[in-house]
Amino acid sequence: MYLLIKYDPFVETVGFLAVFTEAMLGTPQFYRNYTNKSTFGMSLQMVLMWTCGDIFKTTYFYVRKTPPQFIICGMLQVMVDVAILTQVWLYYENTAKRKKTSNHMHFWQDDIDYGIVDVENVTLITALEDA
């Protein structure tokens, strides 16, 4: 790589790939939310901090008149962040149900672990509550 440091197209390509890779960091989370139709387990505070940081960074790139790939990838990052935040709104009900089930099942799991309740009763009670 060092041998090509003076070859501008190579340097620009590596730079673009670096900022593009960073811009796509949120896409696995977006895809996971999409396939689960829920944002359960995702930290909303983390995504809000990502969004704030990406907005500030993209604004800085624009104000400092950095090369276009920085601004383009910064805007892409902000769009991915906004898409994930939109999923929080879209999947709110599914996430709330999953949290309720998770908390409830955690309670039952403790009872099963200590031998207070057997598994058949937990399955029956959970099915009746979901009905």
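Modeller: Let us start with one term, because contact here means heavy atoms within 4.5 Å. With that cut-off, residues 24 or more positions apart account for 69% of the contacts in the chain that have a separation of 6 or more. Please keep in mind throughout that this is a predicted model.

Colleague: What makes up the secondary structure of the chain, and in what order do the elements run from the N terminus?

Modeller: The secondary structure comes to six helices and zero strands, and the elements, read from the N terminus on, run α-α-α-α-α-α. As for burial, 24% of the 131 residues in the chain are buried.

Colleague: How do you know whether helix 2 is roughly parallel or roughly antiparallel to helix 4?

Modeller: Helix 2, which covers residues 27-36, packs against helix 4, residues 68-90, at an angle of about 25°, and their axes are 10 Å apart. Angles under 35 degrees count as roughly parallel, and therefore helix 2 is called roughly parallel to helix 4. The crossing of helix 2 past helix 4 is left-handed.

Colleague: Which residues of helix 2 and helix 4 meet, and how do they divide by class?

Modeller: On the side of helix 2 they are T27, Q29, F30, N33 and Y34, which meet V80, A83, I84 and Q87 of helix 4. By class, this contact has five nonpolar, four polar and no charged residues.

Colleague: Which residues bring helix 3 and helix 4 together, and what are their classes?

Modeller: Among those from helix 3 are L44, W50, D54, K57 and F61, and among those they meet in helix 4 are F70, G74, D81 and L85. Taken as a whole, the residues of this contact divide into 14 nonpolar, four polar and three charged.

Colleague: What makes the pairing of the Q69 and E12 side chains a polar contact?

Modeller: The distance is 2.9 Å between the side chains of Q69 and E12, and the cut-off for such a pair of N or O atoms is 3.5 Å.

Colleague: How do you know whether S38 is buried or exposed?

Modeller: S38 is placed in the loop between helix 2 and helix 3. Its relative accessible area is 3%, and so S38 is buried by the cut-off of under 20%. The side chain of S38 is joined to that of T95 by a polar contact of 3.2 Å. Apart from neighbours within four places in sequence, S38 is in contact with N33, Y91, N94, T95 and R98.

Colleague: Where do K37 and K65 lie, and why do their accessibility labels read as they do?

Modeller: K37 is found in the loop between helix 2 and helix 3, whereas K65 lies in the loop between helix 3 and helix 4. Exposed means over 50%, and partly exposed covers the range between that and the 20% limit for buried. K37 has 34% relative accessibility and therefore counts as partly exposed, while K65 has a relative accessible area of 71% and so is exposed.

Colleague: Why is M75 called partly exposed?

Modeller: M75, a residue of helix 4, has a relative accessible area of 46%, so the label is partly exposed.

Terms used:
Residues numbered from 1 in each chain as written. Predicted model: local features only at pLDDT ≥ 70, side-chain atom pairs only at ≥ 80, totals over all residues. Heavy atoms only, no water. Axes fitted to C-alpha atoms, helices over the stretch in contact; angles between N-to-C directions. Helix = DSSP H or I, 4+ residues; strand = E, 2+ residues; numbered from the N terminus. Parallel < 35°, antiparallel > 145°, perpendicular 65-115°, else oblique. Left-handed = near helix turned anticlockwise from the far one by under 90°. Nonpolar A, V, L, I, M, F, W, Y, C, P; charged D, E, K, R; others polar. Polar contact = N/O pair within 3.5 Å; in protein donor to acceptor, adjacent residues only side chain to side chain. Buried < 20%, exposed > 50% of the residue type's maximum accessible area, 1.4 Å probe, protein only.
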